Amino acid sequence: MIVYQSTKRGFLADSDDRSVEEVVADAFLLKTGRYAPDGEFRAWRESLKHMAKVLRDDGIPGDTGVGIEFGIPQSQKRVDFMLSGFADDGSPRMIIIELKQWSSTRVCDLDGLIDAQRGGATFVRGPHPCYQAWSYAALLEGFNEAIYDGDVRLRPCAYLHNHAADGVVDDARYEPYIERAPLFLKGEAELRRLREFVKKHVKRGDDAQLLFNVESGRVRPSKMLADSVAKMLRGNQEFVLVDEQKVAYELALAAAEKASPARRQVVLVKGGPGTGKSVIAINLLATLTRRGRLTKYVSKNAAPRSVYQEKMTGHHSRGAIASLFGGSGAFHDTEPDTFDVLVVDEAHRLNSKSGLYGNLGSNQVMEIMRSAACAIFFVDDRQMVTLSDIGSSSEIRHWAEASGAEITELELDAQFRCGGSDSYLPWLDDVLGLASSGTAELDRSGFDFRVVDTPEELHELIEERNAGNRARVVAGYCWDWKSRRDPRAFDIEIGTYRKRWNLGSDGSLWIVAPRSVSEVGCIHTCQGLEVDYIGVILGPDLLFRSGRLVTAVENRSSMDRSVRGYRSALRREGPAVADVVDRLIRNTYRTLMTRGMKGCFVHCVDPETQQYFRDRLERRGSRGT
């Protein structure tokens, strides 16, 4: 949907006859059925006035197409301003302009991000405008048939009409994106530069025909994008499917191929840590995209999708690749059957509510099924680690039946993590009191499991094994994240051991960031991912007392959102809540202790618990419950 479509001539007439922002607001109401927010209206008033100045040049054809507020399909993003026409050689051209009212910014160390004052005194972190414009162009090139079939050349740029050149917004670290999407700033000289940019790329107008074509263009992945994704996986041993993984992959593909709005499909793939759920999910994403199916990889946590996105990204197609990945909270207002297939990894982490304040939508499982003809869920019920997690196998079955979908259930058993050990996971479940498996002895021949005397020794062992950037230390969330506000502060302090939680500058890529081995990760930055060696610090929320392993939720950090609200829930619902919280804490450590392919080293801050793990390792002592 494009809110406002006209030509340069019509746009300038609307600007002269009345306030153009009122014309756009009327069009917004007509097309969406709701009034534009006040902030949006003010932004139009300010920015469109500047765009009218830019277009008051006889060298820009009067029949150049003008589009305002183009909602990019299968995303929540909108292009601020578009111009369409033809180049000298007759090839169709479209200029994408990201408009900002910012006047003050601060450099950010995270790639492509910048801190800006966005209508208030507080600086807010977000994408650099040039990155935004370039990524929107990549999205359209990757998914809009009218663009890629029509061989339309897109020319993105950003115009910050209130922001002077100051070496910040145009800092050298943003140069890769400024090269792809030129940056125009405050002042008459910059205004003239933007005019020349427009005149360089649009020599003849098209009466906005290209805008109409793009608005009505079918949303499908381009062959170039599909080939790029397939090429990235081809020959990559990390994504090779083995045995039952191949079987599950083919059966899921078959379900996706026969899916339609009239014949909905739900695939439920169950498997423990290291059984290859994510490998299958990424292969499905690549294959279905190559077959022209509108597909997205979905996860609740940002870490898995950020890491896989990084691994799949070729530098030229980063924006389009990013559009193949999304969070689970994006479907509460998605139109039914917008997607052909949604591939949901770590589905056990799905929530009821969405949005920053948890006030949107009603059930992410239902909303995902509604949004696609085929929904493929990868689940491990024993990796539900917060009170908000609802994506159990039974919940998925319930909504599949309620939607009238055909259900395919698949089970993955073969263990490819933890040294491929058949004994480690049952032994660990028994030790943690999650299941009485009868597995008293751990076969350590293929997997290096150790109980380490001190956290210093544990960290040294991990750093020694990090030659390939494949070893990390993680811990239970029992220490406040003080360094988030004070970078000089330490978070995890155990005697002389002093470390910080995962670096904020690494974002969701902490587990693959080279320097992060010196820090400590938590459940939110490692779930769904793996390393060769994992070091786990067990905090005082898991204790061995009176011959049994017990949990102590009161020893969790008050900053830990995973058990937020448990006290009020306990008063409201009684002992059943305590049982749920107990299992969540045990599940958390199970998840942390199954991130390693080759080994897991643990240290318990509580001496009795440390001795319990030693005894269990040496086949002595009580069980977990």
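**Note on the predicted model**

1. C600 is buried, at 0% relative accessibility; buried means under 20% relative accessible area, exposed over 50% and partly exposed in between, with a 1.4 Å probe and protein chains only. C478 is buried as well, with a relative accessible area of 12%.

2. This is a predicted model, in which local features need pLDDT of at least 70, side-chain atom pairs count only at pLDDT 80 or more, and totals for chains, interfaces and linings use all residues. Residues are numbered from 1 along each chain as its sequence is written, and side-chain values use heavy atoms, with hydrogens and water left out.

3. The number of disulfides (pairs of cysteine sulfur atoms within 2.5 Å) is zero. C478 takes part in no disulfide, since the nearest cysteine sulfur, that of C604, is 11 Å away.

4. Helix α4 covers residues 129-143; helices (H or I, at least four residues) and strands (E, at least two) are DSSP runs numbered from the N terminus. Because 14 of the 15 residues of α4 are buried, the helix is largely enclosed by the rest of the structure.

5. The whole structure holds 18 aromatic pairs. Rings of Phe, Tyr and Trp (its six-membered ring) pair if their centres lie within 6.5 Å; planes under 30 degrees apart count as stacked, over 60 as edge-to-face and the rest as tilted. Y297 and F325 form a tilted pair, with 5.3 Å centre to centre and 55 degrees between the planes. Y297 belongs to strand β12 (residues 295-299) and F325 to strand β13 (residues 325-327), so this pair ties together parts that are 28 residues apart in sequence. Both Y297 and F325 are buried.

6. Y612 and F613 pair edge-to-face, at 5.6 Å centre to centre and 80 degrees between the planes; both residues are buried.

7. T588 lies in helix α20 (residues 575-592) and is buried, with a relative accessible area of 4%. A polar atom of the T588 side chain is 2.8 Å from the backbone oxygen of L584. Leaving aside residues up to four places away in sequence, T588 touches V385, I523 and R556, contact meaning heavy atoms within 4.5 Å.

Note on methods
The expected span of a helix is 1.5 Å times one less than its number of residues. A polar contact is a pair of N or O atoms within 3.5 Å; within protein, one must be able to donate a hydrogen and the other to accept it, and residues adjacent in sequence count only if both atoms are side-chain atoms.
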